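Here is a short briefing to read beside the model. Topics are grouped so that you can follow them on screen.

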Amino acid sequence: MISDPACGSLLIRDDLNAFLYVHGSRPADPPEPAAGSLAGMSIGVKDNIQVNGMPMTCASRMLADYVSPFDATVVERLRRAGTRIAGKTNMDEFGFGSSGEHSAFGPTLHPQSADRAPGGSSSGSAAAVAAGLVDAALGSDTGGSVRQPAALCGIVGLRPTWGAVSRYGLTAFASSLDTIGVMAPDVACTRRVFEVIAGPDPMDATSRAFPGERKDDRPGDPDRPVIGVDPAVERVCDPDVLQVYRNVVDRLTAAGFPVRTIDLPDPEDMLALYHVIASAEAASNLNRFDGLRYGLRERNVIRSRTKGFGAEVKRRILTGTWCLAAGEGNAHYRTARRVRRQLAFRVNALWREVDVLLTPTAPGVAFRLGSRRRPLEMYRSDQLTVLAPLAGLPAMNMPVGTGSDGLPVGVQLTGPAFSDHSLMKLGMELETLMGTEERNG
Amino acid sequence: MSQEDRRVRRIARLAALDLDDCEIDQFDGDLSDMIAFVNRVAEIGLPDVTETDESASVLRADRVFTDSCSADLFEPDRLDGDGFLVVPPVLGEDT
């Protein structure tokens, strides 16, 4: 039990290990404001985002004693809107993982079943929202870290367009892929939080304002966007997930949404492409953790890094360093960058035919803790979510049903860059169609 | 020591990590699996990009102004008819 004797504003029963730090558990924590468009809303913040005065560990021994000296832009905007920052949520160390098991401070547990993984890397944010410990949470999404745990826990998870939300104050994993995303019980709540945190920020040169509405010269009903589906993605999914996914397609078709078959790139190819780029950027970004300026300090840099990083972080750093090393994998890295550009052109060409892509979010339901011992098995949890980051697109998980064992199943809506609002509008219609609005609300 | 062991040790040294023998054994297999997996990147058959972007960054030399303040920027002769600040063109400046 983690309680808040100082402020009396929060009481969290955290059997899930969803929180690494709860606001008010230190006497010095300042009281939170109570006015603004999100007044009274409690928000969990993933522990790789800076919240002034609170610890930020990235779930790593490397940063176990680090306390944030400033607010990330998203946190500053949330505070101004009157939210209460409930605390810092557990995660896979530095964002490397898809299960929530790779935290130096113990795994996050699934709210419905303690022997299952809630997904990751934003495991604590997903579990906290699904269990009703907070109204909404921030996560970060590099290859699916908001959408995949949202799918496994049965909540909404939005990965915004790359650049739509400032990343100032987010600990970098892979800078060309990283975004800060929103996790909430329903789309309406997701939208309210997103509208507060989105928008350009002088502290992040990659942030951008939303351009005007996309001019759509295709004939058709603008209120009935054309939905693209690729039957090939079905071969990577479990039967439980497929059944729910096909039901969603049928419901949308019956409701008058035009559904068109399209040809998406092979998910295994995209996963390989993602791992070359993400690992290379991660190895480069994590060079800053040397124990000299902050973090764990041992006798020398090598000992600090060796002792501070967990096994999965070391594994990713090794892969990334191999990808960048002359005479090793750097030819792959150059190829991957070229293929990524080709991919973006190919995916952007799809928007001449369809408005939204619909796929399952994760290939299966929440798996048992410890059941995926080989790294590649674990990485395959993300094979349906890596397309959006590679192409810089917004994507959102929608909880739409359950599998045979009662565990949640989600589908993913992906749209053109800066179509975030259109995705959320369609998401709300999908909630109504599937009857999840009532269930979540 | 196998060739794979030597490779992991070399990469670990480049990454400023000091792995013990047990970790070397573990990561040797993992890295080999990942290398085999990412090799498929070279085989991905996406069509070549036919549209190319010909634009390039146009840089303007930094100039330090010591005789003006922000208020000067909004003098009427610096504004166009719609009240926008007039600045020299950057793109296509040389043409």
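**Cavities, interface and local geometry**

The residues lining the largest cavity divide into 10 nonpolar, 4 polar and 1 charged. This is a predicted model.

**Largest cavity**

- The whole structure holds 5 cavities of 30 Å³ or more.
- The largest cavity has about 160 Å³ of space.
- Its lining is made up of 15 residues. Closest to the centre are Leu264(A), Thr359(A), Gln383(A), Leu384(A) and Leu387(A).
- Four elements of chain A each give at least two residues to this lining: α6, β11 (356-360), α11 (387-391) and β13 (408-414).

**Second largest cavity**

- About 70 Å³ of space lies in the second largest cavity.
- Which residues lie nearest the centre of the second largest cavity? They are Gly95(A), Gly97(A), Ser145(A), Tyr274(A) and Asp382(A), out of 13 lining residues.
- By class, this second lining has 2 nonpolar, 9 polar and 2 charged residues.

**Interface of chain A and chain B: extent**

- On the chain A side, 38 residues are in contact with 30 residues of chain B.
- The two chains bury about 3200 Å² between them. Carbon and sulfur atoms account for 71% of that area.
- Leu318(A), Trp322(A) and Gln342(A) supply 19% of the area that chain A buries against chain B.

- One salt bridge joins the side chains of Asp269(A) and Arg40(B), at 2.9 Å from N to O.
- Several helices of chain A each supply at least two residues of the side that touches chain B. They are α6 (267-285), α7 (301-308), α8 (311-324), α9 (330-350) and α10 (375-379).
- Which helix gives the most to the side of chain A that touches chain B? It is α9(A), with 10 residues.
- By class, the side of chain A that touches chain B has 19 nonpolar, 7 polar and 12 charged residues.

**Salt bridges over all chains**

- The whole structure has 26 salt bridges over all chains.
- Within chain A, the side chains of Lys88(A) and Asp47(A) meet in a salt bridge, at 3.0 Å from N to O.
- This pair links distant parts of the chain, 41 residues apart. Lys88(A) is in strand β5, while Asp47(A) is in the loop between β4 (42-46) and α1 (73-80).

**Backbone features to check**

- The peptide bond from Gly120(A) to Ser121(A) is cis, with omega near 15°.
- Ser121(A) sits in the loop between β5 (84-89) and α2 (123-130) of chain A.
- Phe418(A) is not a glycine, yet it has a positive phi of about 65°.
- Where is Phe418(A) placed? The residue is in the loop between β13 and α12 (420-434) of chain A.

**Met203(A) and its surroundings**

- Met203(A) lies in the loop between α4 (187-197) and β9 (227-229) of chain A.
- Leaving aside neighbours within four places in sequence, Met203(A) is in contact with Thr73(A) and Tyr168(A).
- Met203(A) and Leu177(A) are 26 residues apart in sequence. In space they are 18 Å apart, C-alpha to C-alpha.

Key: Residues numbered from 1 in each chain as written. Chains lettered and ligands numbered in written order. Predicted model: local features only at pLDDT ≥ 70, side-chain atom pairs only at ≥ 80, totals over all residues. Heavy atoms only, no water. Contact = heavy atoms within 4.5 Å. Buried area = accessible area lost by both parts, 1.4 Å probe. Salt bridge = Lys/Arg side-chain N within 4 Å of Asp/Glu carboxyl O. Nonpolar A, V, L, I, M, F, W, Y, C, P; charged D, E, K, R; others polar. 1 Å grid on protein atoms, 1.4 Å probe; cavity = no way out; pocket = protein on both sides within 12 Å on 5 of 7 lines; lining within 4 Å. Points joined across faces, edges and corners; volume = space filled by probe spheres on them.
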